[in-house]
Amino acid sequence: MEKNVIREMTPAERESVVAWAGREGWNPGQSDARIFGAVDPEGFFCADWHGEMVGGISAVAYGKSYGFVGLFIVRPDLRGHRVGLDLADRALAHLEGRIVGIDGVLAKEQQYAKFYGFVPAGRNIRFEGNPLGRRIPGLVPATEVPFADLAAYDRRHFPAEREGFLRDWISQPGAVALADTRGGSLRGFGVRRPCLVGGKIGPLFADDAQTAEDLFLALCDGEGPVFLDTPGDNSAAPDLARRFGMKEVFATTRMYRGGTPEFVREGVFGVTTFELG
């Protein structure tokens with residue numbers, strides 16, 4: 001057997017890599033492995049070193065025009081070697097011909113640009129806190145909104161259609177998904193999913209800052225700390241988190257290769273997930 005073999009992950013191995021992410025402090029969601037894998041089952045790869053799985057990466061294709069690379073983890077003693085390079089090459093080959101996005105750790109930004117042609121598009125900031133949530137009259141469960149309307153709104157704020165993912169995301173066990181239809185039309189929606197620690201809010205999409213704040217406060221109405229991943233190209237998003245006492249705990253650089261996707265950036269107050277975009 002070759003020392004380093006790159007191959008597709010099994011469903012059980014996807015669970016293992018998400019567990020690795022938990023040990024790395026990424027605080028994944030409790031249903032992430034299942035939901036992530038359903039988007040593009042052939043887009044998850046692992047590295048075997050002398051027969052042992054030592055690294056993983058996801059390269060999820062959203063149709064033929066967009067893809068996202070995440071869950072990039074290599075065993076600590078093999079970092080800086082061929083394992084990571086081979087995983088990245090396989091991931092990008094899977095997404096060939098598409099615009100590809102990543103949320104890269106800040107220390108690797110220059111490496112991603114130099115070796116893979118990724119271009120920075122702004123810094124994303126993760127906030128953690130315990131804002132005092134409250135019930136907001138007029139908000140409804142997202143599952144009560146006609147799904148076609150929800151999917152169309154999601155597509156406005158994300159670079160590709162992802163209807164299958166969206167159905168799973170809003171109905172995952174323990175999640176709260178709320179929508180604002182006050183005034184007779186959909187003005188925003190957000191999801192809080194249970195994680196290893198507390199819950200993460202994402203996505204948080206809204207027509208304006210007040211709608212985003214209402215959804216945010218309603219989604220904070222639960223136990224444990226709350227995490228919100230805010231996009232750097234919408235200054236109102238980190239402002240919202242700071243206004244309610246949340247603290248910056250992590251940051252990434254959103255980068256694209258092969259072009260820049262089109263979506264309504266000013267409506268994104270919370271990134272869905274750093275792993276799948």
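Trainee: Which residue caps the N-terminal end of α7?

Mentor: A cap can be read from a side-chain oxygen lying by a backbone nitrogen; in this predicted model, Asp208 does this for α7, with a side-chain oxygen 3.2 Å from the backbone nitrogen of Gln210.

Trainee: How many residues of α7 are buried?

Mentor: Buried means under 20% relative accessible area. In α7, nine of the eleven residues are buried, so the helix is largely enclosed by the rest of the structure. Among them are Glu213, Asp214 and Phe216.

Trainee: How do I read a pair of aromatic rings, such as Phe165 and Trp169?

Mentor: Look at the distance between the ring centres and at the angle between the planes; planes under 30 degrees apart count as stacked. The count here comes to nine aromatic pairs. In one of them, the ring centres of Phe165 and Trp169 are 4.8 Å apart and the planes are at 25 degrees, so this pair is stacked.

Trainee: Are the rings of Phe216 and Phe244 stacked or tilted?

Mentor: Tilted, because their planes are at 50 degrees, with the centres 5.8 Å apart. This pair links distant parts of the chain: Phe216 is in helix α7, while Phe244 is in the loop between α8 and β12, 28 residues apart. Phe216 is buried, with a relative accessible area of 0%, whereas Phe244 is partly exposed, at 25%.

Trainee: Which ring has the charged end of Arg162 over it?

Mentor: For this feature, check the distance from the charge to the ring centre. The charged end of Arg162 sits over the ring of Phe158, 3.8 Å from the centre. Arg14 lies over the face of Phe44, at 5.4 Å from the ring centre.

Trainee: Is Arg254 buried or exposed?

Mentor: Buried, with a relative accessible area of 11%. Arg254 is found in strand β12.

Trainee: What does the side chain of Arg254 make polar contacts with?

Mentor: One partner is the side chain of Asp103, at 2.8 Å. Another polar contact, of 3.1 Å, joins the side chains of Arg254 and Tyr256. Leaving aside neighbours within four places in sequence, Arg254 is in contact with residues including Tyr66, Phe68, Ile102 and Val271.

How values were computed:
Residues numbered from 1 in each chain as written. Predicted model: local features only at pLDDT ≥ 70, side-chain atom pairs only at ≥ 80, totals over all residues. Heavy atoms only, no water. Phe/Tyr/Trp six-rings, centres within 6.5 Å; stacked < 30°, edge-to-face > 60°. Helix = DSSP H or I, 4+ residues; strand = E, 2+ residues; numbered from the N terminus. Buried < 20%, exposed > 50% of the residue type's maximum accessible area, 1.4 Å probe, protein only. Lys NZ or Arg CZ within 6 Å of the ring centre and 35° of its normal. Polar contact = N/O pair within 3.5 Å; in protein donor to acceptor, adjacent residues only side chain to side chain. Contact = heavy atoms within 4.5 Å.
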